[in-house]
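Welcome! Please take a moment to look over the sequence and the structure shown here before reading on.

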Protein chains: 2
Amino acid sequence: MSDYSMPVSIFDPSKRPELVLVGAGIGDPELLTLKGLKALQEADAVLYDALVDEALLQHAPADAIRLFVGKRRGKKSHTQEEINALIVDCAHAFGKVVRLKGGDPFVFGRGMEELHYAREHGLEVDYIPGVSSAIAGPGLAGIAVTLRGASRGFWVMTATTDTGELNPEIFEVARTNATAVILMGLAKLPEIAEAYARSGKSELPVAIVQNASTPRQRTLTGRVSDIAEKALLSGIGSPAVIIVGEVVDHRLRKQRTSLQETNPEGQFT
Amino acid sequence: MSDYSMPVSIFDPSKRPELVLVGAGIGDPELLTLKGLKALQEADAVLYDALVDEALLQHAPADAIRLFVGKRRGKKSHTQEEINALIVDCAHAFGKVVRLKGGDPFVFGRGMEELHYAREHGLEVDYIPGVSSAIAGPGLAGIAVTLRGASRGFWVMTATTDTGELNPEIFEVARTNATAVILMGLAKLPEIAEAYARSGKSELPVAIVQNASTPRQRTLTGRVSDIAEKALLSGIGSPAVIIVGEVVDHRLRKQRTSLQETNPEGQFT
């Protein structure tokens with residue numbers, strides 16, 4: 001089912017085939033949980049994605065298999081079907097497979113699909129949650145997704161449907177008072193702003209947080225009316241989280257390392 | 001400003017007054033991040049809430065101050081104003097204050113209010129995100145908040161407003177296809193179900209996850225039409241996360257410790 005080569009000589013029938021889906025947290029490798037660390041330390045094989053810091057792989061035993069299965073330069077190294085098959089084959093060949101995913105595996109990560117497939121193919125399965133960019137991305141830019149007086153809740157979504165169209169829920173969230181947290185949305189920013197403008201919310205504040213928690217973290221703020229142009233001029237890019245809502249106006253500016261502004265010229269405000 | 005006694009004799013003017021807001025994760029103390037662990041290990045004082053496992057306090061130095069500032073038996077030990085003042089006083093007296101909150105501090109945690117107050121009173125501030133019950137609560141019960149074909153996003157909210165009324169966003173989410181993740185909502189379960197029924201969604205699946213990630217984790221599932229009665233009969237209680245949406249039907253049943261069913265009689269399904 002998949003076209004990789006497997007060092008079958010190390011096959012060990014005493015090992016129980018097992019998949020542990022682990023949330024790696026975002027960017028900063030210290031945002032891994034203690035439980036995730038333990039799982040990595042016991043791994044026989046680690047399959048990891050593009051948004052996972054490779055420093056995390058050092059926690060796995062020296063003889064554990066390490067396989068990159070993410071996207072590079074926008075191109076997938078493996079299809080989802082290939083990843084599913086790899087997980088099952090690795091578990092049968094080596095034992096404990098840690099599937100390391102950026103953020104939390106159940107937030108747009110296709111983690112549940114991998115667990116179901118693994119279970120159907122005889123693996124024991126487990127899940128260790130992670131710090132999600134949906135909450136920590138805004139947070140590390142000084143923006144709380146909920147705030148008394150400003151937000152009673154937050155709605156997390158991607159900007160596109162599976163077929164690349166604008167997610168129709170963008171129009172719905174624009175009609176509510178929920179904080180919108182939009183992942184993988186930069187390419188659709190003009191359409192997102194247009195949806196909010198149609199709901200009469202041109203002055204609502206917007207923030208874009210790129211590379212949250214890493215030394216390359218940048219934050220750009222604006223209004224629905226000007227954020228698309230500002231984003232274009234600033235050159236801000238992916239991976240990024242877009243936050244739309246009053247909570248952006250209550251942003252806490254940073255002094256410390258993990259909360260630092262990284263653009264001293266003030267282009268990002 | 002606050003009515004606690006402070007051992008001022010250990011005042012150390014060389015210490016920089018500092019607040020680090022740390023997300024403790026949910027329940028299981030191993031869901032703390034490596035970064036949160038480091039902050040605890042360097043703490044001069046730890047102020048912690050009710051949903052924080054006291055095992056986490058062992059990570060702090062033996063001579064660090066430990067102060068419980070949460071709710072016990074539904075009663076607050078301190079008002080928010082008292083907690084704010086305690087943070088500032090402790091930081092000036094001892095140095096590095098770690099404010100340990102269940103889940104992530106920016107999800108209904110009033111964490112941002114504490115950071116703003118601390119900053120205004122001369123403290124350096126930092127934030128270390130945590131695993132949130134909004135995502136990990138469903139996840140540890142085998143429910144992914146997003147799933148291809150079933151959910152394009154999830155909307156996290158509390159069930160009540162500051163004044164104890166039903167959050168009007170409950171009616172809004174009931175009209176959308178978003179997965180609803182409702183925190184602190186058990187007492188309002190009949191009203192939540194009624195809101196969904198009014199939107200013609202009586203057959204939509206619902207799950208309630210109590211004490212997620214702890215040995216006392218229990219999961220109850222049903223439909224909008226019967227969940228309130230089932231919850232009453234089962235005796236399920238707080239703390240709990242309510243999930244409403246198609247994703248509940250794609251739930252992965254558990255085999256392993258962290259994903260285990262804890263009611264072998266099958267009352268919880």
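The report below goes from the single chain to the pair of chains, and then to the sheet.

## Chain A at a glance

Please keep in mind that this is a predicted model. Chain A has 269 residues, and 54% of them are buried. Its secondary structure is made up of seven helices and twelve strands.

## A helix with a buried face

Let us look at one helix in detail. Helix H3 of chain A covers residues 111–120, and its buried residues are A:Gly111, A:Met112, A:Glu114, A:Leu115 and A:Ala118. Viewed down the axis of H3(A), these buried residues lie within an arc of 160°, so they line one face of the helix.

What do the buried residues of H3(A) pack against? Their partners in chain A are strand S1 (18–23), helix H2 (80–94), strand S6 (96–101) and strand S7 (124–128). Just after H3(A) comes A:Gly122, whose phi is positive, at about 90°.

## How the two chains are related

In general, two copies of a chain are related by a rotation about an axis and a shift along it.

Through which surface do the copies meet? Of the interface residues of chain A, 100% are also interface residues in chain B, so the copies meet through the same surface.

## The ten-stranded sheet

Strands from chains A and B build an open sheet of ten strands with mixed pairing. You can trace its order as S11(A)-S10(A)-S12(A)-S9(A)-S8(A)-S8(B)-S9(B)-S12(B)-S10(B)-S11(B). The edge strands are S11 (218–223) of chain A and S11 (218–223) of chain B, each of which pairs on one side only. From one strand to the next, the twist averages 15°.

In chain B, strand S10 (residues 205–210) pairs with S11(B) in the antiparallel sense, over six bridges. There, B:Gln210 stands opposite B:Arg218 in S11(B). In chain A, helix H7 (residues 227–234) packs on the sheet and touches strands S10 (205–210) and S11 of that chain. The direction of H7 makes about 150° with that of S11(A).

Conventions:
Residues are numbered from 1 along each chain as its sequence is written. Chains are lettered from A and ligands numbered from 1 in the order in which they are written. This is a predicted model: local features need pLDDT of at least 70, side-chain atom pairs count only at pLDDT 80 or more; totals for chains, interfaces and linings use all residues. A residue is buried if 20 or more other C-beta atoms lie within 10 Å of its own, exposed if 12 or fewer, and partly exposed in between; C-beta atoms are placed from the backbone. Helices (H or I, at least four residues) and strands (E, at least two) are DSSP runs, numbered from the N terminus. The arc is that of the directions from the helix axis to the C-beta atoms. Two residues are in contact if their C-beta atoms, placed from the backbone, lie within 7 Å. Two strands pair if DSSP finds at least two bridges between them. Axes are lines fitted to C-alpha atoms, for helices over the stretch in contact, and angles run from 0 to 180 degrees between N-to-C directions.
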